[in-house]
Each structure stands twice: as structure tokens, then as C-alpha cells.
Amino acid sequence: MVQAVQGAKVVVTGAGGGIGAALARRFAAQGAQVVVNDLDGDRAKAVAEEIGGLAVPGDASSIVSEARDALGGTVDVYCANAGVGRDGGAPGAPLDEQGWALSWDVNVMAHVRAAHALLPDWLERGSGRFVSTVSAAGLLTMIGTAPYSVTKHGAYAFAEWLSLTYRHRGVKVHAICPQGVRTDMLDASGSAGDLVLKPTAIEPEDVADALFRGIEDDRFLILPHPEVAEYYQARATEPDRWLAGMNRIQRQWEATR
């Protein structure tokens with residue numbers, strides 16, 4: 001058992017399936033009281049019933065107040081897990097501004113809105129934990145989907161900012177950055193996901209394992225795929241070589257389309 005989460009009051013967004021459901025199950029198994037949020041109310045209720053939690057369906061951007069009330073007025077851990085993967089339109093094709101706007105709203109602004117609602121209480125009592133499900137795309141990038149790559153960079157940057165700004169005031173932040181995870185989102189990623197992500201894809205439960213190890217070690221950056229650290233280092237130290245390598249993958253993908 002992880003002492004830091006025993007008895008905690010936890011909210012997990014996008015928890016009707018995939019990583020979110022795995023996180024909700026793990027927190028509940030560790031003795032936490034869990035609010036399960038998802039746009040799909042039936043899926044949220046199913047997971048909540050399974051784990052003895054509370055279902056609060058709806059848009060992840062606006063459920064902090066309702067979730068807090070459901071938990072008796074306190075949120076100790078908030079998992080900003082809900083996300084979308086959208087194609088913003090290939091160069092030369094019509095620009096999908098709606099897709100860009102949705103990606104920005106869900107992948108970044110939902111995190112910002114949640115933190116804005118949670119921080120006053122956390123700072124007053126000197127404790128709180130914000131878990132951001134980012135993606136390796138937030139550290140690296142992903143071919144074929146500019147909105148996802150760009151907004152996941154934004155999600156990672158916001159998590160970093162929260163950590164460096166409030167860690168001395170008791171706020172813990174964790175950024176989870178997996179590559180492929182066997183979820184509906186991976187299934188929807190098409191041929192790009194088949195090429196880049198599926199060969200090393202892991203189960204949602206593996207992501208939960210990685211998070212809980214990170215909580216025990218008090219680590220900000222959670223890498224369920226350890227090799228991402230090497231890729232991230234290469235990107236930072238040899239950007240042209242790294243970009244050339246990614247371009248090779250891009251050309252390989254284009255040849256299969």
C-alpha cells in the first residue's frame with residue numbers, strides 16, 4: 001500500500017476506460033475514495049460501481065466543484081487524464097480549426113481550469129497532488145497529428161510550471177508520459193499508431209504501476225516506457241539528428257499510405 005494515497009479523496013477524469021479506469025481502480029485498491037468522471041455517463045457509472053466509487057459524468061473542464069461536493073468538500077488528488085487525439089489537417093488540406101480548438105481545450109485548458117479551481121484550497125492547507133496524463137508526444141512528438149503533439153507539449157509545460165511554482169508549498173505534481181497504451185485512443189490512431197506505437201504498446205495497468213512507483217519515489221516525470229528518457233535526451237542534445245530520424249519515420253509512414 002502507498003501511504004500517500006490511503007484514505008485520499010481522488011478525482012480521475014476520462015476514467016470510463018483505458019488509462020483513466022486503470023488509475024481509478026488502482027487508487028480505490030489503495031484505499032482511496034474515488035470520483036470517476038467521463039463524458040460517457042454509463043461508462044463512468046460502470047467503473048464507479050465496480051470500485052465502490054462515485055460517478056460524476058460530464059465535461060472534464062467543469063467538474064471540479066461537483067466532484068469536490070461528492071467527496072464531502074475536499075479533493076486530495078486530481079488526475080487530469082481526459083484527452084483527445086485529433087488530426088488538424090495535413091499541409092495542403094483544409095485546416096480543421098475545430099479539431100485544433102477541441103485539442104487545446106481538452107488537452108491543456110481542462111488542466112488549467114482544474115488547477116485554478118483546486119489551488120486555493122491546496123495552498124491554504126499546504127497539500128495537494130495533481131497528476132497530468134500527458135504522453136511521450138509531450139516530450140517528443142507524434143507523426144500525423146499536429147494538434148495532439150502540440151497540445152501535449154502544452155500539457156507537459158503546464159505540469160512543469162505547476163511543480164516549479166508550488167512544490168515548496170506542498171503541491172505534488174506528476175506528469176505521466178507513456179508511448180503506446182492499449183486503449184481506444186490507440187485503436188483510433190490509424191496507420192501512424194500502428195507503425196510507431198503498437199509495437200511497444202503496454203497495458204493501462206502498466207501505466208498505473210508506473211504512476212504509483214513515481215508517487216512512492218516522489219518523482220515528477222513518470223515514464224512507463226523507460227526508453228523515452230533516451231529519446232528525450234537525444235532530442236535535447238542532438239536536435240537535427242533526432243529530427244532526421246523522425247523524418248525517416250514520417251517517410252516510412254507516407255510510403256504505406
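Strands β1 (residues 9-12) and β2 (residues 33-36) run parallel and are joined by four bridges. Helices (H or I, at least four residues) and strands (E, at least two) are DSSP runs, numbered from the N terminus; two strands pair if DSSP finds at least two bridges between them. The model is predicted: local features need pLDDT of at least 70, side-chain atom pairs count only at pLDDT 80 or more, and totals for chains, interfaces and linings use all residues. Residues are numbered from 1 along each chain as its sequence is written, and side-chain values use heavy atoms, without hydrogens and water.

Val 11 has Val 35 of β2 as its bridge partner. With helix α1 (residues 18-29), β1 and β2 form a right-handed β-α-β unit. A crossover is right-handed if, with the strands pointing away from the viewer, the path from the first strand over the helix to the second runs clockwise. Two parallel bridges pair β2 with strand β3 (residues 54-55). Here Val 36 is partnered by Ala 55 of β3. The β-α-β crossover from β2 through helix α2 (residues 41-51) to β3 is right-handed.

Most residues other than glycine have a negative phi. Ser 135 has a positive phi, near 145°. Ser 135 lies in the loop between β5 (128-133) and α5 (146-166). Its relative accessible area is 8%, so Ser 135 is buried (under 20%; exposed is over 50%, partly exposed in between; 1.4 Å probe, protein chains only). Asp 218 also has a positive phi, near 55°. This residue sits in the loop between α8 (204-217) and β7 (221-222). Asp 218 is partly exposed, at 47% relative accessible area.
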